[in-house]
Amino acid sequence: MNADVETVRTADRKHVFHSWSAQELIDPLPVAGAEGSYFWDYEGTRYLDFSSSLVYTNIGYQHPKVVAAIQEQAAKLCTIAPGFAVDVRSEAARLIAERTPGDLDKIFFTNGGAEAVENAVRMARLHTGRPKVLSAYRSYHGATTGAINLTGDSRRFGNDSATAGVVRFWGPFAYRSPFHATTEAEECERALRHLADTIAFEGPQSIAALILEPVVGAAGVLVPPPGYLAGVRELCDRYGIVFILDEVMVGFGRIGTWFAADHWGVTPDLLCFAKGVNSGYVPLGGVAISAAIAATFARRPYPGGLTYSGHPLACAASVATLTTMAEEGIVEQSARTGAELLGPGLRELAERHPSVGEVRGLGTFWALELVRDRQTREPLVPYAASGADNAPMAEFAAACKKGGLWPLTAGNRIHLAPACNIAAADVAKGLEILDGALSVADAHMA
Ligand code: PLP
């Protein structure tokens, strides 16, 4: 279908109801195509995508091997109910299980991240017979009712039903330490003590699960201090709490390892995934399940399921994505890009732009924390800002786009999440555009 730009725009405005938006206050860019690290509009303006759509095109747009695999599967078997054993579903599950840490060897497929979280929590509650779930204030776990109530960040505010059995705690964030820590080691130790106190005062016997993003994604690209995840694992073991790692955003190469769990050498009891599992070419998510939790449902039916669980087209895209990532060394490339190009490049920008309060990240997943004042660390815009309060970030984002870089901004931050296989020349180009746009942020310094 080759529609012209006005047809696309008009039908969109008339009929498409967009996520997270006041419908009359948005003007979505009509996109004509995409390839690799770029997409373009109908006027031919190309954007270097540092958002990877919503941090999921880990392998870039239109990778020919993944496109071909979807086409071949479509010709062979577009769909079949989840109750059957199908070659491509079995193979996707095998490849995922092979990559997940420890004994996470059984895969329950969903259509995306929020459903993965919902099912992981359901499994944990049934496995333990306990009601509560602990989650971090700085977190995002999805937009279905359960997942958004587990979510800590401000996207919960419009949905908070206060009924999900959730207890929230503060995770470590050295730059804005909730514990008044002055070193990473202190932050780690105090965050673990706070978590241990939370568990003790909630009553461990009432806590089914603790859910955590190993690197907090949408809520800040927060890299945990060494020892934190191992400490959480230890607390969960001590009290029989199911440890759920939500790797929806960081799994499959984003931080330079297959899973963030690998980077810190921890194994959760349940691992949620989506996005990078097939670069989002066809919706797919899931839960990787430990042997002990799988055993709970060996003779007792699991009370959950989805019409499209393990959809053949999505699984074919996953098999091709995972195979290609291995063949082309894309996970290793993500690690190298972070260590040799993005990290050093962003730190160099921070030296010249006073609005950059902190640079943090790993692999192809970074954030610049933008501030009005480096001393006080006052954010460039207040927490959960909108409208005029958010103007400095809106101007900064507009400057990125004008330069040809598609940014992912969140609160007072820009998140840098290009394709895991971005070319070195495109990293350099992105940094150059960012350099210009940061002058706009600098102009708002106190
Ligand atoms: N969990 C995390 C860590 C996420 O980043 C997201 C989405 O960004 C989700 C869950 C929800 O995934 P989905 O939008 O596919 O439901």
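Reader: Which side chain has an N or O atom 2.7 Å from a nitrogen atom of the ligand?

Author: This is a predicted model, where local features need pLDDT of at least 70, side-chain atom pairs count only at pLDDT 80 or more, and totals for chains, interfaces and linings use all residues. Residues are numbered from 1 along each chain as its sequence is written, and side-chain values use heavy atoms, leaving out hydrogens and water. A polar contact here is a pair of N or O atoms within 3.5 Å. The side chain with an N or O atom at 2.7 Å from that ligand nitrogen belongs to D246.

Reader: And which side chain has an N or O atom 3.0 Å from an oxygen atom of the ligand?

Author: A ligand oxygen also sits 2.8 Å from a polar atom of A114, but that one is in the backbone. For the 3.0 Å distance to a ligand oxygen, the side chain is that of K275.

Reader: How much of the ligand's accessible area does the protein cover?

Author: Areas come from the Shrake-Rupley method with a 1.4 Å probe. On its own the ligand has 390 Å² of accessible area, and the protein's share of cover is 79%.

Reader: What kind of aromatic pair do F108 and Y302 form?

Author: Rings pair if their centres lie within 6.5 Å; planes under 30 degrees apart are stacked, over 60 edge-to-face, the rest tilted. F108 is in strand β4, and Y302 is in the loop between α10 and α11, 194 residues apart. Their centres are 5.5 Å apart with 70° between the planes, so by those cut-offs the pair is edge-to-face.

How values were computed. A polar contact is a pair of N or O atoms within 3.5 Å; within protein, one must be able to donate a hydrogen and the other to accept it, and residues adjacent in sequence count only if both atoms are side-chain atoms. Rings of Phe, Tyr and Trp (its six-membered ring) pair if their centres lie within 6.5 Å; planes under 30 degrees apart count as stacked, over 60 as edge-to-face and the rest as tilted. Helices (H or I, at least four residues) and strands (E, at least two) are DSSP runs, numbered from the N terminus.
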